[in-house]
Amino acid sequence: MKKRVFSGARPTARQHIGNYLGAIQNYVALQEEYECVYCVVDIHALTSMEDTRPLQEYNREIVLDWLAAGMDTERTIIFIQSHVPEVMELHTLLSMVTPLSWLMRVPTFKEKVKQQPENVNYGLVGYPVLQAADITLYKADVVPIGEDQLPHLELTREIVRRFNNQFGETLIEPVAKLTSFPRIVGLDGSDKMGKTSGNAIELAATPEETEVRIMTAVTDPARRYRNDPGHPEVCNIYSLHGYFSESQIADIFRQCRAAEIGCVDCKKLLAEHINSSLRALREKRSELAARPEYITEVLTDGAQRARIIARETLHQVKQNMRLI
Ligand code: AMP
Ligand code: TRP
């Protein structure tokens with residue numbers, strides 16, 4: 001039997017090139033070897049989204065990004081988390097084997113407390129437990145994620161070990177799968193390209209928007225004048241060239257160091273390369289966006305297929321916990 005892959009993304013915005021390089025490329029590649037299950041995690045989004053009006057739209061936007069990037073609905077299950085409510089039941093059961101001290105230490109929790117001090121809700125503390133429920137409900141062996149998600153995956157593994165220890169071998173301890181670009185920095189120089197902070201380039205951006213965004217990005221702060229030699233190793237534009245301009249990367253490094261190329265030209269080149277690399281994806285995305293009924297079909301079918309696996313796992317879990 002094929003091994004299984006599971007991953008998810010929060011529908012709080014469209015997917016950006018950080019998601020693409022850090023995770024989506026693996027989502028697509030892993031389809032060759034694994035049975036893949038990909039989920040738009042709307043319940044997770046609720047932990048930081050007070051105005052839920054855009055939720056339905058974002059659910060679909062993410063599915064468009066994924067399909068355009070090459071997810072294949074024949075082989076792969078794509079669904080919306082809340083359409084398979086069994087995950088919430090498993091979340092409650094897993095919460096009984098998760099010490100609160102583990103959750104209080106999670107770096108993303110601490111960050112959220114800083115980011116939204118007025119909304120430190122109960123769901124936020126349990127976020128990694130819900131993520132563990134996602135992964136284990138589908139008995140995933142491999143979880144493609146960006147680097148920021150590693151602490152969550154480690155916690156899933158600890159929860160699985162504890163559960164299996166207490167109730168017998170039931171759940172699978174998954175492993176993480178990173179790409180060669182596991183953390184794309186933000187255009188504003190922040191640690192991570194993210195959706196809400198507006199420092200990202202959406203996959204769905206037009207070529208013009210892409211260029212404008214790149215032009216506003218911060219570069220090497222020590223390079224103030226055109227003739228100053230640059231430090232590509234600390235420049236986020238250079239790191240993006242690493243993927244989008246792979247064949248020219250040695251030249252770009254040298255030209256920047258020798259001040260032969262200025263930041264403006266270097267950015268223009270990057271915008272051009274991003275746009276040519278994403279051209280086919282963007283075309284496919286617009287075609288799919290014109291067929292909303294098709295997206296509904298994909299999601300209905302995905303939820304049905306996911307639910308079959310979910311029910312079976314939940315049944316085993318409840319049996320082993322002596323609930324049934
Ligand atoms: P999100 O859209 O934030 O729910 O994230 C979906 C996936 O993309 C997760 O596996 C993240 O780890 C990954 N991801 C998000 N932002 C980045 C980034 N800036 N660099 C690399 N991977 C990322
Ligand atoms: N926490 C992940 C993120 O913010 C999203 C997510 C939820 C996820 N459940 C998951 C990722 C299960 C991988 C596996 O990006």
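**The interface between the domains**

Modeller: In this predicted model, a salt bridge joins the side chains of Arg-285 and Glu-61, with 2.8 Å from N to O. Across the interface of domain 1 and domain 2, the rule finds two salt bridges. It also finds four residue pairs in polar contact across that interface, both residues of each pair at pLDDT 80 or more.

On the side of domain 1 that touches domain 2, two helices, H1 (17–29) and H3 (55–69), each supply at least two residues. H3 gives the largest share of that side, six residues. Sorted by class, the side of domain 1 that touches domain 2 is made of nine nonpolar, two polar and three charged residues.

To place this part in the chain: the domain assignment gives domain 1 as 4–184 + 292–320 and domain 2 as 207–286. Taken over C-alpha atoms, the centres of the two domains are 32 Å apart.

As for the extent of the interface, 14 residues of domain 1 are in contact with 10 residues of domain 2. The two domains bury about 990 Å² between them, and 69% of this lies on carbon and sulfur atoms. Within domain 1, the residues that lose the most area to domain 2 are Ile-17, Ala-68 and Phe-181, which together make up 45% of what that side buries.

How values were computed. Residues numbered from 1 in each chain as written. Chains lettered and ligands numbered in written order. Predicted model: local features only at pLDDT ≥ 70, side-chain atom pairs only at ≥ 80, totals over all residues. Heavy atoms only, no water. Domains from an automatic or database assignment. Contact = heavy atoms within 4.5 Å. Buried area = accessible area lost by both parts, 1.4 Å probe. Salt bridge = Lys/Arg side-chain N within 4 Å of Asp/Glu carboxyl O. Polar contact = N/O pair within 3.5 Å; in protein donor to acceptor, adjacent residues only side chain to side chain. Helix = DSSP H or I, 4+ residues; strand = E, 2+ residues; numbered from the N terminus. Nonpolar A, V, L, I, M, F, W, Y, C, P; charged D, E, K, R; others polar.
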